[in-house]
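Dear colleague,

I am passing on the structure below for your own work. My notes on what was found in it follow directly after.

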Amino acid sequence: MTIIRFIGDTHGKVITMGRMMISAPDQKSIHVGDVGFGWDNDKDQHEKLLRAYRYIPGDHKFIRGNHDSLHCIKHHFKSWWMRDGEYFPEYDMMTIGGAYTRNPSSYFEGRNWWIDEEMTHYHMQRVYDRYMEIEPSILVTHDLPLKVSQELYSLPDYKMFKNRTSSFFNILFERKPPRLWIAGHWHVKRVGKVGDTLFVVVPQDGYVDIRMENDEYKLL
């Protein structure tokens with residue numbers, strides 16, 4: 001039996017993130033993206049994030065969000081990165097990061113917006129093939145399937161949020177829905193069933209603890 005703490009978007013607030021990592025029940029955490037890697041090229045924040053992952057006791061990892069620099073992750077944080085399409089058999093869990101930033105023109109490329117924030121179509125095809133082969137019971141992503149975000153957040157017109165990543169997640173959900181889907185990105189906590197899948201959206205600057213035991217899980 002293991003308890004994993006899923007940490008929501010913290011956007012560079014290292015102290016907030018560190019407190020949640022330190023207090024994780026079994027010293028295990030997974031950050032669901034928008035950690036703040038590379039944000040504004042802030043060297044002080046970069047060093048603080050490195051110290052958090054190097055020195056906080058336990059097993060602490062993350063998936064990437066749309067407000068995380070993939071270049072920064074690959075060069076400085078890859079030891080703690082759960083890659084897009086990576087599978088963890090001990091939990092029957094797959095992770096997929098990245099998302100689309102609405103109104104990217106209001107950001108600055110290389111400082112707080114990155115052109116590779118979403119997977120390429122080629123990478124999506126590879127992840128799709130692997131997902132369909134494995135059929136994991138748990139999926140951890142930064143964003144939600146488009147149709148699910150509409151239902152959980154009562155969006156008036158879900159099409160305005162349409163993008164490559166959420167549309168890709170629609171396909172996964174429609175063809176092989178997992179039993180549990182954990183995400184961030186939307187900042188406001190939601191827990192609800194859509195079809196046979198339980199969706200858990202981790203709140204911004206907050207967390208959700210989930211007990212994993214064999215093929216079962218329980219929200220604490």
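Leu152 is in contact (heavy atoms within 4.5 Å) with Leu144, Arg190, Val194, Phe199 and Val201, leaving aside residues up to four places away in sequence. Please note that this is a predicted model, in which local features need pLDDT of at least 70 and side-chain atom pairs count only at pLDDT 80 or more, while totals for chains, interfaces and linings use all residues. Residues are numbered from 1 along each chain as its sequence is written, and side-chain values use heavy atoms, with hydrogens and water left out.

Leu152 also belongs to the largest nonpolar core, which has 25 residues, and those that touch the most other members are Ile96, Leu144, Leu152, Phe168, Leu172 and Phe199. Such a core is a set of buried Ala, Val, Leu, Ile, Met, Phe, Trp, Tyr and Cys residues joined through side-chain atoms within 4.5 Å, where buried means under 20% relative accessible area with a 1.4 Å probe, protein chains only. Among the elements that give two or more residues to this core are helix H5 (146–153), helix H6 (164–175) and strand S9 (197–201); helices (H or I, at least four residues) and strands (E, at least two) are DSSP runs numbered from the N terminus.

In H6, the buried residues are Thr165, Ser166, Phe168, Phe169, Asn170, Leu172 and Phe173.

An open sheet of 6 strands runs in the order S4-S5-S6-S7-S9-S8 with mixed pairing, two strands being paired if DSSP finds at least two bridges between them. Strands S4 (86–88) and S8 (190–194) are the edges, each with a single partner strand, so one side of each is left without a neighbour in the sheet.

Best regards

Terms used
Buried means under 20% relative accessible area, exposed over 50%, partly exposed in between (1.4 Å probe, protein chains only).
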